[in-house]
Amino acid sequence: MDFFKTKPLINLENISKSFGNQLIIDELDLKIHENEFITLLGPSGCGKTTILRIIGGFETPDKGRVIFDNTDITHLPPNKRQLNTVFQKYALFSHMNIGDNIAFGLKIKNKSKDYIKDKVSYALKLVNLDGFEKRMPDSLSGGQQQRIAIARAIVNEPKVLLLDEPLGALDLKLRQEMQYELIRLKNDLGITFIYVTHDQEEALTMSDTIVIMNQGYIQQIGTPEGIYNEPENAFVADFIGESNIIDAMMIEDRLVEILGTRFTCVDTGFGKKTPVDVVIRPEDVVLCDPAEGIISGAVSHLIFKGVHYEMEVTACGFEWLVHSTGMFPVGTPVGIKVDPFNIQIMNKPESEDEQAVSLEALEENS
Amino acid sequence: MTRSVNDNNRKLNNRRNFGTILMGSPYLVWMAVFIIVPLFMILYYGLIDRDGHFTFANIMAIASPVHSKALWLAILLAIIATAICLLLAYPLAFILSRTTLKRSGFVILLFILPMWMNFLLRTLAWQALLEKTGVINNILAFLRLPPLNIINTPAAIVFGMVYNFLPFMILPIYNSLLKIDVNVVNAARDLGAGNIKILQKIIFPLSIPGIISGITMVFVPALTTFVISKILGGSKILLIGNVIEEEFTHAGNWHLGSGLSIVLMLFIVINMIASSIFDKNREGSML
Ligand SMILES: Nc1ncnc2c1ncn2[C@@H]1O[C@H](COP(=O)(O)OP(=O)(O)OP(=O)(O)O)[C@@H](O)[C@H]1O
Ligand SMILES: [Mg+2]
């Protein structure tokens with residue numbers, strides 16, 4: 001991505017944070033570039049909000065520095081930072097009308113009345129709520145309140161907007177609408193968005209860059225495509241989308257043994273006879289006539305999912321998750337084929353600990 | 001479609017209302033017997049004379065110099081006591097609402113603790129403390145300090161009111177401050193507000209409902225008290241509450257007592273209406 005060529009706008013250096021004796025963030029490094037839509041994605045409690053609060057100034061790290069535009073802002077209070085936050089539960093000022101809510105930041109900065117009036121109506125237009133100035137927050141729907149919270153932040157023209165699960169409280173349809181609206185807003189305004197969510201679909205739809213976190217550690221940083229297609233470890237593979245994660249053995253370059261059968265793949269450089277994990281996305285498992293398959297088995301489960309069928313195929317003692325537009329009734333003997341470039345090889349986690357962690361997370365997720 | 005949903009809702013509402021009335025009936029009976037009936041008795045006695053003829057004389061009696069002086073003094077002292085309570089209670093409630101749960105619970109307990117003691121007893125205790133030859137003056141004399149001569153003055157009455165009614169100011173304000181979401185304060189800070197602006201534009205406005213109910217809860221009992229003024233004010237300072245009590249007990253003139261009570265109730269009602277209008281204005285001006 002071209003982001004990595006520009007200088008980072010925000011630089012988190014070696015950040016650690018504990019609450020009590022519980023270590024939440026451990027020596028985290030993260031660079032955020034100008035104009036980037038970066039998403040922190042991870043299971044509940046992994047420290048996403050904590051990182052956002054450290055960037056926003058509501059929490060001071062125990063160790064490490066927050067650099068913003070080449071200045072150390074680690075100890076600067078929130079009201080002195082050039083960034084604004086959209087809080088998880090909107091946090092509108094219930095005693096002020098919408099106009100006053102949005103004008104709050106500008107009034108603090110002693111802007112002129114005319115300027116404020118123009119800005120407020122411009123911000124309301126941006127979030128498609130023209131003419132709402134005189135309404136009270138509690139007379140608005142959840143989606144409208146959310147958009148007001150966004151308008152209240154962007155009217156201050158921050159360089160960076162921090163959003164903590166801003167769509168978490170909305171229903172699916174509204175959430176999808178708001179996702180498009182946020183992307184449009186970001187493109188209109190040309191500012192950096194740091195977005196927190198635990199919804200992987202949301203992250204894939206909206207982000208330029210996704211940071212996958214687990215238990216205070218960054219698991220992988222990359223583009224949505226990169227993370228989806230080339231997960232670096234089993235945790236990422238499982239967290240992003242559904243997948244078949246199987247113990248395997250790299251025989252030699254471009255040849256991997258999965259469940260006792262050799263598959264051609266495209267990966268090289270893992271050495272010979274190396275234990276690895278392979279990830280195969282359910283949509284990449286091709287069902288065919290048993291005679292044509294690399295391995296064969298029988299369909300054990302079938303669910304219609306609208307666009308596709310979801311099937312489970314028992315083959316070589318493993319339950320393969322398969323997404324296909326073709327339907328094979330339960331009990332049908334089928335063959336399984338996988339194109340070599342759809343087999344993703346990953347190194348095994350280095351320590352038993354790490355493996356335990358990622359397995360635990362897998363279970364929590366399913 | 002919409003209509004049938006509405007009908008269903010109405011049916012549901014009716015059923016719910018019926019249930020509410022059923023559940024509430026003991027309270028309704030209670031209210032009728034102990035609040036509504038006495039109110040009507042006061043109205044009845046206040047509007048007739050000894051011979052049972054209808055008259056406004058009992059109410060008009062408020063215009064007599066003694067009575068009107070007692071009323072204005074009561075209003076003045078109640079306002080002063082309420083103002084002092086507010087000034088003391090707000091910072092305290094604010095500090096309490098900011099401390100961690102355990103400690104603030106303990107401090108709140110300290111403030112509520114005296115309320116478990118009898119009101120009369122507490123006030124009598126202060127009489128003994130403030131007496132010309134009482135405990136406080138003995139200590140002052142021992143320390144060779146000038147004596148404190150506030151017993152039997154309006155100051156002592158105000159002191160008694162503040163002492164007795166302060167918790168009623170602290171609790172509603174504390175509750176309203178506690179209800180303020182930390183994220184709302186964080187949002188204000190995020191938008192550039194410093195501590196003073198946050199206090200002025202967020203915390204204070206959001207605590208107004210608490211302030212108003214605190215004011216009502218202190219002002220009304222302070223306005224109507226006769227015990228505090230009797231015990232700490234001696235017999236010379238008459239508040240309207242003392243006048244009414246005199247009429248009901250020693251003078252045995254229930255008609256005059258009721259008439260003056262009606263006037264006093266009028267002031268209480270005015271206070272309540274004013275506070276509710278003020279509260280509504282606050283909301284209304286934002287609409
Ligand atoms: N003020 C605090 N005091 C003590 N522990 C805290 C505090 N704030 C957060 N934690 C702990 O830190 C961990 C990470 O919290 P954080 O809010 O960052 O999670 P999150 O990734 O945002 O989760 P979610 O998706 O549920 O919002 C949690 O275990 C939480 O209990
Ligand atoms: Mg969170």
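Guide: A:R175 counts as buried because its relative accessibility is 19%, and the limit for buried is under 20% (exposed is over 50%, partly exposed in between; 1.4 Å probe, protein chains only). This is a predicted model, in which local features need pLDDT of at least 70 and side-chain atom pairs pLDDT 80 or more, while totals for chains, interfaces and linings use all residues. Residues are numbered from 1 along each chain as written, chains are lettered from A and ligands numbered from 1 in written order, and side-chain values use heavy atoms, without hydrogens or water.

The partner of A:R175 is A:E202: the two form a salt bridge (a Lys or Arg side-chain nitrogen within 4 Å of an Asp or Glu carboxyl oxygen), with the closest N and O atoms 3.8 Å apart. Because A:R175 sits in helix α5 (residues 172-189) of chain A and A:E202 in helix α6 (residues 200-206) of chain A, the pair ties together parts 27 residues apart in sequence. Helices here are DSSP runs (H or I, at least four residues), as are strands (E, at least two). A:E202 is buried too, at 3% relative accessibility.

Next, look at A:E27 and A:K63, whose salt bridge brings the closest N and O atoms to 2.9 Å. A:E27 belongs to strand β2 of chain A and A:K63 to strand β4 (residues 63-68) of chain A, so this pair links parts 36 residues apart in sequence. Both ends are partly exposed: A:E27 has 43% relative accessibility, and A:K63 has 38%.

A:K305 is partly exposed, at 45%, whereas A:E310 is buried, at 11%. Elsewhere, shared partners join the salt bridges of A:E13, A:R65 and A:D72 into one network. Over all chains, the count comes to 19 salt bridges.

B:D190 belongs to helix α8 (residues 182-190) of chain B. B:D190 is buried without a salt bridge, as the nearest side chain of opposite charge, that of A:R152, is 7.2 Å away. A polar atom of the B:D190 side chain does, however, lie 2.7 Å from the backbone nitrogen of A:T85.

How values were computed
Lys, Arg positive; Asp, Glu negative; His and termini not counted. Polar contact = N/O pair within 3.5 Å; in protein donor to acceptor, adjacent residues only side chain to side chain.
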